[in-house]
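Please look over the two-chain model below before reading on. The points that follow take the interface and then a sheet.

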There are 2 protein chains.
Amino acid sequence: MTDDAPKLTMPARSAGETIHQWVFRGLRRAIMSGAFPPGQAVTIRGLAEAMEVSAMPVREALRRLVAERALTLLDNRRVRVPQMTPERFEELYAARTALEVEAASRALPLVDAARLEKLRAIDQTINAAILSGDSETVVAQNFLFHLTLYSARRDSVLVPLIESVWLQTGPFMRAALEAFPTAADGYDYHLAALDAIAAGDEAALRQAIAHDIRTGIGHLALSGKLIAVAA
Amino acid sequence: MTDDAPKLTMPARSAGETIHQWVFRGLRRAIMSGAFPPGQAVTIRGLAEAMEVSAMPVREALRRLVAERALTLLDNRRVRVPQMTPERFEELYAARTALEVEAASRALPLVDAARLEKLRAIDQTINAAILSGDSETVVAQNFLFHLTLYSARRDSVLVPLIESVWLQTGPFMRAALEAFPTAADGYDYHLAALDAIAAGDEAALRQAIAHDIRTGIGHLALSGKLIAVAA
DNA sequence: TACAGCGCAATGTGATCACATTGAGCAAGC
DNA sequence: GCTTGCTCAATGTGATCACATTGCGCTGTA
C-alpha cells in the first residue's frame, strides 16, 4: 500500500476503444514490461483511482488478465503479480520451446522476401541495442522478431498461446534485465534462424529457435541466479 | 433468440463459491460438452435470466471465457460460440500435439505404478464405451486419460495451456460425435502409450501421443467431413 | 510485556440504474 | 417495387451503491 499506484503511464486511448479495452491494454503492457514487481498486490479500487476510471472496467480487465495467467488470484480473492519459481520458469521455457518451434516450422513456407528483410532489420536493431546496453529494447525487439516470424502464417491458435506464455514471463524480465543487463552468450541464433529461413531448411530453423529460446535468459534462470532476484 | 435460454442445467453451487465462479463453471462445462452449437450467440441478459442471477457475474464469466478463447468477441461487441473452420481445427490439433507430446515426455519419469494402473483402468473404460457406442463418455474419459498422464508432474504452465486448447475444441465435439458416433481407427494408441510408459521409453511415448491425437477425430476433420457439420 | 478480543478501514462481490450503440422492422418517398 | 431513412427494442458499457469478508491495528487485561 506504500506505492499501490505508482506512475503507471497509460497508452493513449484510441478512438472507438472502450474503457475496458484501454485499461486492459495498459495493464497488460505494464505487466509485460515488468512495471509491477512479482508479488505486487493489485487492487481494483487502487488501479481505478490511478487510471481515473470507475471500478467496473478494472474489474473486468483483472478477470481477463487472471484468465490469461498474467495475474494470480489468491484464495482471499485478492489479485497479485505472480511469483516466479525455478520450476515455473523452467516450465514456461519448455512451453515456449514446444510452441515456438512448431510455429516457426509451420510459418517457414510462408515467409516471403519482404518478411525476411523485416526480420533482418529487427535483428540488426537488437544487435545495436545489445551494444548500447538498452535491455528494454532488446526484449521488446526480440519478442517482435519471433512474432514477426510466426505471423507469416495467419494463425489464430498458436500465436495467442505463445503470447500467453510470453506474458507470464513478463513481470520477471525487468528484474532479470536489471540484474544482468546484457546477457548475450556470444552466438547469434537469430542469424542462424535467418539463414535457415533463407535456405528453407526446416530442421535447421527448428534447432535455431530452440537454441535461441534456451540460451536467451533461460540458462541463467536454470542456474538459479535470477530467481533469487525476483523472489 | 428463438432458444437463447434452453434448459442449461447448472451444477450445484458449492459452499463458499461466489456466484461468478458458479456461473463460470456452469458455462465452461456447457461449452466444453458442446451444449451450445458453434455460432450460437450468447447475451449477458439472456444468460443472467436463464441462471436467475444478475448481469454482473455473467459479464465477468463471459470476459473470462473470451480470454480463454472458449468464446469469441465480435466487432459489434457481441459474444458467440466460435465457428470452426478447417484451418482452425488443424491449428488446434497442431497445438495439441506440440504441447501434449512435450507434457507427456516431461511427465514420464514421474509416473508411478499407481498412476499407471489408473491409466489402464481409464483406457478400459474408454474401450467399453466405444463398444457400447457411448460417445460422450469416450470424449470425457479420453480427456481424463491424457490429463492423468500429464498431471504426474505438477505443472502450472503446460497443463493449463493444454486445457485451453481442449476447451476450444469443445463446441465442435458434440457435432462431430453425433455425425460419426464411433470413429475408431482400429488401433489403440493409448495401449501403445501405456506400454511405452511401462518401458520408460520416451521416444515411443511421444510417438504414441502424437499418433493418438492425430488419429482421434483429427484426420476426419482434415478431410473436411466434419467441418460441414459444424458450419 | 504479551496476548486476546474488538472494531474499523480496505477490499471484493453483486445488484441496479443510466446511457450509447447496434440492429432489425417499418414506413415514406423515389 | 426498391431503396432510404426513421424508430424502437435489445444489448453492451460504465457508474454507483449496498453488503460481506478480510485483515490489520488498537486497546484492554492478565
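**Notes on the interface and the sheet**

1. Chain B and chain A bury about 2800 Å² between them, and carbon and sulfur atoms give 56% of this area. Buried area is the accessible area (1.4 Å probe) that two parts lose on being put together, summed over both. The model is predicted: local features need pLDDT of at least 70, side-chain atom pairs count only at pLDDT 80 or more, and totals for chains, interfaces and linings use all residues. Residues are numbered from 1 along each chain as its sequence is written, chains are lettered from A in the order in which they are written, and side-chain values use heavy atoms, without hydrogens and water.

2. Chain B puts 33 residues into the contact and chain A puts in 33 residues, where contact means heavy atoms within 4.5 Å.

3. Eight salt bridges are found across the interface of chain B and chain A (a side-chain nitrogen of Lys or Arg within 4 Å of a carboxyl oxygen of Asp or Glu). One of them joins Glu90(B) to Arg153(A), at 3.9 Å from N to O.

4. On the side of chain B that touches chain A, helices H3 (55-67), H4 (86-107) and H7 (158-179) of chain B each give two or more residues. H4(B) supplies the largest share, 10 residues. Helices here are DSSP runs (H or I) of at least four residues, and strands (E) of at least two, numbered from the N terminus.

5. Chain B also has an open sheet of three strands, in the order S1-S3-S2 with antiparallel pairing. Strands S1 (41-42) and S2 (72-73) of chain B each have a single partner strand, so one side of each lacks a neighbour in the sheet. Pairing requires at least two DSSP bridges between two strands. Two bridges join S2(B) to S3 (residues 79-80) of chain B, and Thr72(B) is opposite Arg80(B).
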